[in-house]
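Please read this briefing with the model at hand.

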Amino acid sequence: MSSKCCDSGCATPAVGPAFRKALWVALVINLAMFGVEIVSGLRSGSVSLLADAIDFAGDAANYGISLVVLSMGLVWRARAALLKGVTMMAFGLFVLARAGWSLHAGVLPEPMTMGVIGALALLANVAVALMLYAFREGDSNMRSVWLCSRNDALGNIAVMAAAAGVFGTGSAWPDLGVALVMAGLALSAGYSVIRQARQELRTA
C-alpha cells in the first residue's frame, strides 16, 4: 500500500461487511459474558473466573477499537493492534498479580460455579471464534481479534478443568494453575500482535 493511501486513511479491500458484522456480534457477546463472569467470580472466589471476566471486558474493548478503525488505512489499524497487544500483555500481568494475592490469602474457590459458568463462557467463545476464523490470516488488527477469541475458548476449557481439580482435591492450586496458563497465553498473544503491528508500521 502506498504512503499516500496510508496517510489518507483509506479503506482496504480486505475489510468487508462480514468482518464488521462479526465484530458487532462478538462485542455484544463479550459484554454480556463479562457481566456474568465478574459476578460469578466474586461470589465463587475463583481467580480463573475473574481473570476470564476481565479478559471478556478487554476483548469487548478491543472489538470496539477494531470497529472504529476498520475503515481506516493500514497504519491506523496497525496502531490499534499495537494498543491491543499492549492491553493483552497488561492483562497477563494482572492475572499473575491476582494469582499471587489469592495464594497469599488462601482463598478456596467454589468449583460448581466455576464449572457451570466456564461451560457457558466456552459456548459463547466458540461461537465467536467460529465467526472470526475466516479472518485469522488478515492484517495485525484482524489477527489480534482472532487470537483473542482463540485464547478465550482455550481459557474456558482450562477453567472447567480447574473446577474439576478444585472439586477433586479441595485445593485452590488447580484454579491458580489455570490462571497462570491464561496469563501466559495473554502475554504470548500480546507479544505476537505487537511484533506484527510494528512490522506493518515499518513497512507502511
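Helix H3 (residues 47-69) packs against helix H5 (residues 111-132) at an angle of about 25 degrees, and their axes lie 11 Å apart. Helices here are DSSP runs (H or I, at least four residues), numbered from the N terminus, while axes are lines fitted to C-alpha atoms over the stretch in contact, with angles running from 0 to 180 degrees between N-to-C directions. The model is a predicted one, in which local features need pLDDT of at least 70 and side-chain atom pairs count only at pLDDT 80 or more, whereas totals for chains, interfaces and linings use all residues. Residues are numbered from 1 along each chain as its sequence is written, and side-chain values use heavy atoms, with hydrogens and water left out.

**H3 and H5**
- H3 and H5 are therefore roughly parallel to each other, a label for angles under 35 degrees.
- In H3, Ser48, Leu49, Asp52, Phe56 and Tyr63 are in contact with residues of H5, including Thr113, Met114, Ile117 and Gly118, where contact means heavy atoms within 4.5 Å.

**The largest pocket**
- The lining of the largest pocket consists of 14 residues, and Asp55, Asp59, Met88, Phe91 and Ala186 are those nearest its centre.
- H3, helix H4 (74-105), helix H6 (140-169) and helix H7 (173-203) each contribute at least two residues to this lining, and H3 gives the largest share, with five residues.
- A pocket is an open set of points on a 1 Å grid over the protein atoms alone where a 1.4 Å probe fits, with protein on both sides within 12 Å along at least five of seven lines, and lining residues have an atom within 4 Å of a point.

Notes: Angles under 35 degrees count as roughly parallel, over 145 as roughly antiparallel, 65 to 115 as roughly perpendicular and the rest as oblique.
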